[in-house]
Amino acid sequence: GKKAKYSKKEFFDFYGEKEGLTLWKKAAPAEGRGDRRGERDEKRTDPNETNGKKYTKKEFMEHYGGEKGKKLWNGAAKVDKRADPNENNGKKYAKKDFVKLYGEKKGNALWKKAGETKSVKPD
């Protein structure tokens with residue numbers, strides 16, 4: 001079957017920085033990967049959609065056209081992510097992920113709490 005291809009950022013987001021880097025170095029390069037800035041394979045969430053699907057810069061440009069596509073692509077990189085106070089794995093999530101997992105009221109409360117938590121000291 002066809003193997004899934006992931007960007008370096010997706011590796012880091014899923015495995016964490018240390019393990020992600022180790023696994024990234026071991027992974028075989030995907031065909032077509034190689035843009036120096038990584039934009040060819042990097043995917044970002046379209047801020048106009050709620051399904052969480054990610055798209056390449058080329059897909060943004062094809063869908064929205066030149067200026068609007070570029071503006072949305074650049075804006076998509078600025079999604080604020082925070083660590084879930086109920087977890088200790090260091091993984092960060094967007095506000096929509098908090099709301100999706102916990103519901104509107106609790107998700108927004110945890111999002112706010114996560115923004116106030118700068119560093120957690122172990123017990």
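pLDDT is the predictor's confidence in each residue, from 0 to 100.

**Entry 1: confidence**

I am working from a predicted model, so I checked its scores before anything else. The chain averages a pLDDT of 76. I find that 79% of the residues score at least 70. Residues 32-37 have a pLDDT below 50. The model still gives this stretch 10 contacts beyond near neighbours in sequence. Residues 119-123 also stay under 50. For residues 119-123 I find zero contacts beyond four places in sequence. Where pLDDT is low, the predicted coordinates should not be read in detail. I leave both stretches there.

**Entry 2: helix H6**

I turned to H6, which runs over residues 104-116. It has 13 residues. From first C-alpha to last I get 19 Å, close to the 18 Å expected at 1.5 Å a residue.

Which residues of H6 are buried? I list Gly-107, Leu-110, Trp-111 and Ala-114. They lie on the same side of H6, because they cover an arc of only 105° around the axis. On the other side I note Lys-105, Lys-112 and Glu-116, which are exposed.

Next I looked up what covers the buried residues of H6. The cover includes two strands, S3 (81-83) and S4 (92-94). Helix H5 (95-102) is also part of the cover.

**Entry 3: Leu-23**

I picked Leu-23, in helix H2 (residues 17-26). Is Leu-23 buried, partly exposed or exposed? Its relative accessibility is 27%. Buried would need under 20% and exposed over 50%, so Leu-23 counts as partly exposed.

I then asked what Leu-23 is in contact with, leaving aside neighbours within four places in sequence. I find Phe-11 and Tyr-15. Phe-11 is 12 residues from Leu-23 in sequence. The C-alpha to C-alpha distance of that pair is 7.8 Å.

**Entry 4: Glu-42**

Where is Glu-42 found? I place it in the loop between H2 and strand S1 (43-45). The relative accessible area of Glu-42 is 16%, so it is buried; the cut-off is under 20%.

I looked for a polar partner of its side chain. The side chains of Glu-42 and Arg-44 are joined by a polar contact of 2.9 Å.

Last, I listed what Glu-42 touches, not counting residues up to four places away in sequence. I have Ser-7, Tyr-55, Thr-56, Lys-57 and Trp-73.

Methods. Residues are numbered from 1 along each chain as its sequence is written. This is a predicted model: local features need pLDDT of at least 70, side-chain atom pairs count only at pLDDT 80 or more; totals for chains, interfaces and linings use all residues. Side-chain values use heavy atoms; hydrogens and water are left out. Helices (H or I, at least four residues) and strands (E, at least two) are DSSP runs, numbered from the N terminus. The expected span of a helix is 1.5 Å times one less than its number of residues. Buried means under 20% relative accessible area, exposed over 50%, partly exposed in between (1.4 Å probe, protein chains only). The arc is that of the directions from the helix axis to the C-beta atoms. Contact means heavy atoms within 4.5 Å. A polar contact is a pair of N or O atoms within 3.5 Å; within protein, one must be able to donate a hydrogen and the other to accept it, and residues adjacent in sequence count only if both atoms are side-chain atoms.
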